[in-house]
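Subject: Structure handover: disulfides and salt bridges

Hello,

Here is the structure for your files. Please open it alongside this note; the findings follow below.

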Amino acid sequence: MITRKRLAAGVCALLAALAAGTAFPAGAVADEITATAPKVELLLDVSGSMRARDIDGESRMSAAKQAFNEVLDATPEEVQLGIRTLGANYPGDNRKTGCKDTAQLYPVGTLDRTEAKTAVATLSPTGWTPIGPALLKAADDLDGGEGTRRIVLISDGEDTCQPLDPCEVAREIAAKGINLTIDTLGLVPNIKVRKQLSCIAEATGGTYTSIEHKEELSDRVNQLVDRAADPVVEPVAVEGADSCTGAPPLKSGLYTDREEFAQHRWYRVEVEPGKELRASVSISADRQVNPDYGVLLRAVTTHGREIVRGEAAGNGRTDVISTGLRYPKAENDDEYGAAEVVCLQVSNSFSAAAGVKATPGLPLELTVDVVDGPDQASDVASFGLGRGWWLLGALVLTGFLAGVLWGWISRWRFSVWRTN
C-alpha cells in the first residue's frame, strides 16, 4: 500500500514538473511581450474650469468624455493604456491639498474597455490644475519595460501649483532618458496656455495641438495612441533647396526641415515605372502667426510641368496644417525603362504676427513613400476620376438623348392639342 502511494505521488510530481516546464516558456514569452508593449497614459484635466460650455455648445468635460469613449473603442490591442486625472477629487480652497490632487483612474495595462469607460463616466469637474505633480506621477505609472511610452495631456488651463513649473518637470523627465514622450492638447485658444503646453511637449519631443471641436479632440488623441503602437521611426534632417535643380534626393522615409514664412522648398524623388509616389507634408506653427494661412505640396517634372498637387488652408484654429498627394507612374513597355525624377515643392502662406521673429523657419515634416502602383496607374491621376470618365460620359450621353426624346414628345403632344 505504501509503495502504491509513493508511486502515485511520484507520478503526480512528475506530471506537475512537466506541466511547469511546459508552462514556463509560454509565461516567459508573455512577460517578454508585456515588457516590449507600447504604453500610453491619458492625463486628463478635471479642474473646475472644465465646466465651461464652449466646445460645440457642450462643456469641455462632456467633449473630453466623448473623445475618451471613442479612443477606448479604437485603442489597438497591443497598447497598454491607462488614465490619470488631475483636479478630480478635491473641491476645496486649500492650495497645498489641491496641488496633490492627482489619481490614477485606470491603471496602465491590458485594456478592459467597459471598465475604463465606466471609470471615465464618473468624472466631474472639481478642483485645481496640478499639471506638474500629475506629470511626475504619470511618468512613474509608465516606468518599466522597453517599449515606447507616451503621455497625452489634455488641459484647458495653466498649472495652478507653481513654483513647480510643469515645463521644468517635462525637462527633468526628458533628462532621465527613459524614452517617454509628452503630447499636449489645449482646449482653450489662450496664449499663456499655449505657451506652457507647447513648452511641455517640446521638452520631450512631443507635439502641442490647439483643440476647439469635439471631432478634433477624438481624432488627435486617436492619432497619438496609434502612433505609440507604430514602430519608432526617427526622422532624418534634410535641407530643401530653392529650386529643383539643387534639391536633395529623397528615398522613402520621414524627413524634417524648417521653412521660413512664405518660402518654397524643393526636394527630388525618383519614381520607377509601375510605382506610386505618396507624399505628405505637415507644417507646425510653433509661434504666434496671423490667421488665414495655407500649405501647398506640388509634384512637378524637371521641366516645370505640374503633375499633381495637394493643398490645405487654415484659419488659426489649429497649430498644424497638413496635405498630401499621390502620383502613380504607368508601366513602361521597355523592361529597362528609366525612373522619372519628380520634384516636390513645399510652399506655405504663413505670416508672422506683430513682434514675432520670422527665423528660424517653421518646423516641417515631410513623408515620402514609393510603393507598388495600381494596375491602371495612368487612369488614377485623371483629375481624380480614373475610370469614372467612362461613367461620366455615359451619363452625359444618356442625359442628352433623354432631353431630345422629351423635347420630341412635348412637341408632338402640343401639335395634337392644337389640332384638336
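Which side chain meets E276 in a salt bridge? R326 does, with 3.0 Å from N to O. Keep in mind that this is a predicted model. R326 sits in strand 14, residues 320-328. E276 sits in strand 11, residues 275-284. The pair links distant parts of the chain, 50 residues apart. The two ends differ in setting. R326 is partly exposed, at 46% relative accessibility. E276 is buried, because its relative accessibility of 1% falls under the 20% cut-off.

**Other salt bridges**

The whole structure was searched, and 17 salt bridges came up.

Start with E58 and K214. Their side chains meet at 2.9 Å, N to O. E58 is in the loop between strand 1 (39-45) and helix 2 (60-74). K214 is in helix 8, residues 214-229. E58 counts as partly exposed at 23%.

Next, D73 and K117. The closest N and O atoms of this salt bridge are 2.6 Å apart. D73 belongs to helix 2, and K117 to helix 4 (residues 113-121). Here 44 residues separate the partners, and again distant parts of the chain are linked. D73 is partly exposed, with a relative accessible area of 47%. K117 is partly exposed too, at 27%.

There is also a network. Salt bridges with shared partners join R298, E306, R309 and E311.

**Disulfides**

How many disulfides does the structure hold? The count is 3. Number the bonded cysteines along the chain and the pattern reads 1-2, 3-4, 5-6.

C99 pairs with C161, and their sulfur atoms are 2.0 Å apart. The link is left-handed, with -100 degrees about the S-S bond. C99 lies in the loop between helix 3 (95-98) and strand 3 (102-109). C161 lies in the loop between strand 4 (149-155) and helix 6 (166-175). C99 and C161 are buried.

C167 pairs with C199, at 1.6 Å between the sulfur atoms. This link is left-handed as well, with -45 degrees about the S-S bond. C167 lies in helix 6 and C199 in helix 7 (residues 191-203), so the bond ties together parts 32 residues apart in sequence. C167 is buried, with a relative accessible area of 5%.

C244 pairs with C343, S to S 1.7 Å. The angle about the S-S bond is -55 degrees, and the link is left-handed. C244 is in the loop between strand 7 (236-237) and strand 8 (249-250). C343 is in strand 15, residues 340-348. The pair links distant parts of the chain, 99 residues apart. Both of these cysteines, C244 and C343, are buried.

Best regards

Technical notes
Residues numbered from 1 in each chain as written. Predicted model: local features only at pLDDT ≥ 70, side-chain atom pairs only at ≥ 80, totals over all residues. Heavy atoms only, no water. Salt bridge = Lys/Arg side-chain N within 4 Å of Asp/Glu carboxyl O. Helix = DSSP H or I, 4+ residues; strand = E, 2+ residues; numbered from the N terminus. Buried < 20%, exposed > 50% of the residue type's maximum accessible area, 1.4 Å probe, protein only. Disulfide = S-S within 2.5 Å.
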